[in-house]
Amino acid sequence: MTAPSGLPPLPVADTLETRSEIRAQDFIRAHSNLAFPEQLLVGTAEEAANGLTTLSTPLVVKLQSPDMPHKSDHGGVRLGIADPETLKSTVQDMLEIADKSGLRLDGILVQEMSSVAQELIVGFKRDPVFGPLLLIGRGGVEVELRPDSKMAYLPLTGDAVLSMLRGLATAPLFEGYRGGAKGDLKALAQSLADLGNAFAADSSIEEIEINPLALTRDGRFVALDALSLHRLLPAQERLGGEAPPRDAQDTERQKLAGVQEL
């Protein structure tokens, strides 16, 4: 039994591998118009200091490794860097953390800090039965007190994602409530739909998370952090063999044909 158009059967993976933020950005940039902070990927402290002229302070510095997906829990994120000497010492500290911990290193990411007004959490996931899903929710510390989220099956249109965004209880906060920052929700919705549909069509990707997706005080939506989880295929599939059938998943996908919001 074949899956509906655009939703290929999931390959059976030997294992799953996390990609660092800078690597997750590659797929997101290729398939959407989502914005990221101005940034520079460096490999040495001197390279970071030399690149400071291209960025505006304050800066955030992030260690980039697939072995450290939760960077802030392990000293892999430093905020508020404002001068060349502090930047150099911070980058050197992170290079030493990676070396002492035996981490695979994609580099050190130096980004301009953004003035955040509101936050969203966006996730693209694959349910083993129902297939690819989009999850959108309010971010920030307040979400622990009042969860506010929507979930729907992929693929989706821009209008369907816009309905999800405006269906959040806190949606007015993203559209200029009481003189606050006002973002272009329609443009954001189309970008998320484009990214979600590309994710749904690429069964090698198990998950993408953008957290936070910030609305800045000047009205821009900016992805401040991202991760992706990828399937590593068995050798016979990498050589072109067919994936085993997923009859249960395909049956449920056919039942759920069309856009359904949970």
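This is a predicted model: local features need pLDDT of at least 70, side-chain atom pairs count only at pLDDT 80 or more; totals for chains, interfaces and linings use all residues.
Strands, like helices, are here DSSP runs numbered from the N terminus, a strand being a run of E with at least two residues.

Among the strands, strand 9 gives the most to the lining of the largest pocket, contributing four residues. Strand 9 spans 205-216, and it is one of six strands that each supply at least two residues of this lining, the others being strand 3 (59-64), strand 4 (77-81), strand 5 (107-112), strand 6 (116-127) and strand 11 (226-232). The lining of the largest pocket comprises 24 residues, and those nearest the centre of the pocket are K62, N211, P212, L224 and D225. By class, twelve of the lining residues are nonpolar, five are polar and seven are charged, and the space in this largest pocket comes to about 580 Å³.

The residues that line the largest cavity are S20, E21, L63, Q64, S65, M68, P69, K71 and L227, and they divide into four nonpolar, three polar and two charged residues.

Two packed helices are described by the angle between their axes and the distance between the axes. For helix 4 (residues 158-166) and helix 5 (residues 185-201), the axes come within 8 Å and cross at roughly 120°, which makes helix 4 oblique to helix 5. The crossing of these two helices is right-handed. On the side of helix 4 the contact is made by G158, V161, L162, L165 and R166, which meet L185, K186, L188, A189, Q190, L192 and A193 of helix 5. Sorted by class, this contact of helix 4 with helix 5 has eight nonpolar, two polar and two charged residues.

A cis peptide bond, with omega of about 0°, joins T57 and P58, and P58 lies in the loop between helix 2 (45-50) and strand 3. Another cis peptide bond joins L154 and P155, with omega of about 5°; P155 is placed in the loop between strand 8 (149-153) and helix 4. R178, although not a glycine, has a positive phi of about 50°, and R178 belongs to the loop between helix 4 and helix 5.

Definitions and conventions:
Residues are numbered from 1 along each chain as its sequence is written. Side-chain values use heavy atoms; hydrogens and water are left out. Axes are lines fitted to C-alpha atoms, for helices over the stretch in contact, and angles run from 0 to 180 degrees between N-to-C directions. Angles under 35 degrees count as roughly parallel, over 145 as roughly antiparallel, 65 to 115 as roughly perpendicular and the rest as oblique. A crossing is left-handed if the near helix is turned anticlockwise from the far one by less than a right angle, and right-handed if clockwise. Contact means heavy atoms within 4.5 Å. Ala, Val, Leu, Ile, Met, Phe, Trp, Tyr, Cys and Pro count as nonpolar, Asp, Glu, Lys and Arg as charged, and the others, Gly among them, as polar. On a 1 Å grid over the protein atoms alone, a cavity is a set of points where a 1.4 Å probe fits but cannot get out, and a pocket is an open set with protein on both sides within 12 Å along at least five of seven lines; lining residues have an atom within 4 Å of a point. Grid points are joined across faces, edges and corners, and a volume is the space filled by probe spheres set on the points.
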